[in-house]
Amino acid sequence: TACPPPPLPHVLSLGRPSDPMERVVVAAGHSVTRRREADYATWISDSLIPKACDHVWNLWLALGADRRRLQFHCVGFGNSPGDFDVLRRLASRIPDGAGHFNNTRLDLYQLQSSIVSFSTSLTSTRTATASTKRRRELRTVHMKQFESRFTKYYKAKIYESPEPGLFGARATQIGEVDVEIADGAFESGGERNVFMMRFLRRTELFQTVPDAQGRQQQFKTFEAEASEEWVVKEDKHAKISDNNDLEFHDKSLVTQRTAAVLAEKFNELCEEKSLSVPKVKYLDAFLLVTTQPTRRQFFAERKLETTFQKWNTNNGTVVKSVRPAPPPPPPPAG
């Protein structure tokens, strides 16, 4: 099952279980009276900490033992690392790198960094939670499973993008194709799950249009080799309606085609100005709609055999690339 972003519960405690207290209320709702320091220390070691660890473990299991759904962080503020055995044990109870403990020492810089980090995380979480946009249910999907098991889809309809900038237009069907699509997704983005697709046979699609003299002329609109690998992307949210899915993919197609036109203009301008910058190019993208054996809708494009680097998020955040500083000049001779 595709997983939502990890929940981010925040608890800020002004004390710790080793602080002196007359009565301690445990999570189960029972109270324990401290009569002697030795009894209290034994209760901490043999009862409180194991029960707290059990609660953390049960939370881990309730969320499917999936580090994508739970990250558990404990921060101890103080100069004596030995004081934080409880937090260390809580964090270590969750396996698979999902439990973390950090010790922040009592100097101004470390305290400031920790509190700013904590408050920033808390603010972003509360902002997301308070959003008025209702969260849609996610589709059930095999994530990183059954990637080598394929299902054949015959006579799938393939559509090309509307013209650049026409965001309200619908894609145009250019033909039908026979393909096979992996049963499991190999990746998931902010909006879509990504599957591998292969063509079952060599495919060529043509369009017939009249020339200036009225004679019918054919030109090739699509070509793919047998077993050629593509990636297809499906909306990761549960279907509301076919029209809603089509609108989602049509908008993506127009966005990519518009970006491709702008990229060409950018390349031409750079060439005119003799700028030494990499050329920008977007892949041709299509809409694929299957009906046999099931009805599904995909954003489809050829697979790139290269290292993938995403330079911006769906929310507009841009990853910046900083050029390394030039090496210092060599020392003068002599």
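This is a predicted model: local features need pLDDT of at least 70, side-chain atom pairs count only at pLDDT 80 or more; totals for chains, interfaces and linings use all residues.
In what follows, helices (H or I, at least four residues) and strands (E, at least two) are DSSP runs, numbered from the N terminus. Counted that way, the protein chain has 4 helices and 15 strands. Residues are numbered from 1 along each chain as its sequence is written, and side-chain values use heavy atoms, with hydrogens and water left out.

Let me begin with the chain as a whole. Of its 334 residues, 30% are buried, where buried means under 20% relative accessible area, exposed over 50%, and partly exposed in between, with a 1.4 Å probe and protein chains only. The accessible surface comes to about 22,500 Å², and 54% of that belongs to carbon and sulfur atoms; the areas come from the Shrake-Rupley method with a 1.4 Å probe, and for residues only the protein chains shown count as cover. If contact means heavy atoms within 4.5 Å, then residues 24 or more positions apart account for 63% of the contacts with a separation of 6 or more.

Now to the charged side chains. The structure holds 19 salt bridges, a salt bridge being a side-chain nitrogen of Lys or Arg within 4 Å of a carboxyl oxygen of Asp or Glu. One of them joins glutamate 187 to lysine 144, with the closest N and O atoms 3.8 Å apart. Glutamate 187 lies in strand S9 and lysine 144 in the loop between strands S5 and S6, so this pair ties together parts that are 43 residues apart in sequence. Both ends are partly exposed, glutamate 187 at 39% relative accessibility and lysine 144 at 49%.

Aspartate 178 and arginine 201 meet in another salt bridge, at 2.3 Å from N to O. Here the pair links strand S7 to the loop between S10 and strand S11, and so ties together parts 23 residues apart in sequence. Aspartate 178 counts as buried at 18%, whereas arginine 201 is partly exposed at 40%.

Because arginine 296 lies in strand S15 and glutamate 234 in strand S13, the pair ties together parts that are 62 residues apart in sequence. Arginine 296 is buried, with a relative accessible area of 18%, and glutamate 234 is buried too, at 6%.

Which buried arginine has no salt bridge? That is arginine 192, whose nearest side chain of opposite charge, glutamate 301, is 6.6 Å away; Lys and Arg count as positive and Asp and Glu as negative, with His and the chain ends not counted. Arginine 192 lies in strand S10, residues 192–199, and, leaving aside neighbours within four places in sequence, its contacts include Glu234, Asp235 and Phe299.

Finally, the surface around the loop between H4 and S14. Valine 280, found in that loop, is partly exposed at 33%, and together with Phe266, Leu275, Val277 and Tyr282 forms a nonpolar surface patch of about 410 Å² accessible area. Lysine 281, in the loop as well, is exposed, with a relative accessible area of 74%, and its C-alpha atom is separated by 7.3 Å from that of glutamate 264, 17 residues apart along the chain.

Definitions and conventions: Patches are made of residues with over 30% relative accessible area and no salt bridge: like charges are joined within 9 Å, nonpolar side chains (Val, Leu, Ile, Met, Phe, Trp, Tyr) within 5 Å.
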